[in-house]
Amino acid sequence: TCAAGVIAASSSASSVINIDFSETWLGHGRQNAKHNDISKNKCRFIHDDCISVIRQFAGLPMKGRAVRRGFKKYQKQSFDIIFLDPPTFSKGRFGAVDIVSDYQSLFKPAILSLNSGGEIICTNHSGKIEMDEWLQSLERCASKAGKKIVNMHQILPDIDFPSPDNRPPLKILAIRFD
């Protein structure tokens with residue numbers, strides 16, 4: 001529903017880009033922006049495969065299936081804050097997003113799209129991966145990308161996301177880079 005983008009656009013963000021493969025969810029986002037009197041210039045909506053878009057924002061080349069199938073082109077861009085909230089599993093034109101075993105395919109280009117001192121707020125909705133395991137994979141990914149994590153903290157889910165074993169499937173990290 002583009003809630004994070006709409007909230008950012010209604011507060012101090014100078015501009016926001018919402019990316020989703022689902023036109024349905026982007027439609028909800030457009031309605032949310034409209035209900036909050038957010039101008040179209042301040043809050044953009046891109047209906048496309050996030051992997052393709054974020055790789056191009058990071059200046060990474062498109063490869064394999066993407067090149068053969070063709071893709072919409074985007075200019076390299078950098079951001080102060082990226083909110084990375086992928087579904088647990090999704091299959092798009094350029095492959096699957098699997099946040100259990102391949103969160104890095106989204107995380108690395110997100111890191112490379114950050115301005116100096118930028119922050120990524122990332123989520124993982126899968127109960128199949130423990131927080132420590134996910135955190136270690138993100139730290140390895142940042143190291144391989146040549147980016148230093150300077151601050152990281154976990155944001156615990158609100159009470160409306162209960163977990164009987166105190167290990168909520170929803171994991172949220174705010175990570176600031178140098």
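**Ground rules.** Residues are numbered from 1 along each chain as its sequence is written, and side-chain values use heavy atoms, with hydrogens and water left out. Since the model is predicted, local features need pLDDT of at least 70 and side-chain atom pairs count only at pLDDT 80 or more, while totals for chains, interfaces and linings use all residues.

**Aromatic rings.** I looked for rings of Phe, Tyr and Trp (its six-membered ring) that pair, with centres within 6.5 Å; planes under 30 degrees apart are stacked, over 60 edge-to-face, and the rest tilted. That gave me five aromatic pairs. One of them is Phe57 with Phe79, tilted, at 5.4 Å centre to centre and 50° between the planes. Phe57 belongs to helix H3 and Phe79 to strand S3, so this pair ties together parts 22 residues apart in sequence. (Helices, H or I with at least four residues, and strands, E with at least two, are DSSP runs numbered from the N terminus.) Both Phe57 and Phe79 are buried; buried means under 20% relative accessible area, exposed over 50%, partly exposed in between, with a 1.4 Å probe and protein chains only.

Next I checked Phe107 and Phe177, which form a tilted pair at 6.3 Å centre to centre and 55° between the planes. Phe107 is in helix H5 and Phe177 in strand S8, 70 residues apart. Phe107 has 0% relative accessibility, so I noted it as buried. Phe177, at 3%, counts as buried too. Which residues form one aromatic cluster? I found Tyr103, Phe107, Trp134 and Phe177.

**Cysteines.** I searched the whole structure for disulfides (a pair of cysteine sulfur atoms within 2.5 Å) and got zero. The closest cysteine sulfur to that of Cys43 is in Cys2, 7.0 Å away, so a bond is out of reach. Cys122 is in no disulfide either, as the nearest cysteine sulfur, in Cys141, is 10 Å away. Cys122 is buried, because its relative accessibility is 0%.

**Lining of the largest pocket.** I also sorted the lining by class: 27 nonpolar, 14 polar and five charged residues. Here Ala, Val, Leu, Ile, Met, Phe, Trp, Tyr, Cys and Pro are nonpolar, Asp, Glu, Lys and Arg charged, and the others, Gly among them, polar.
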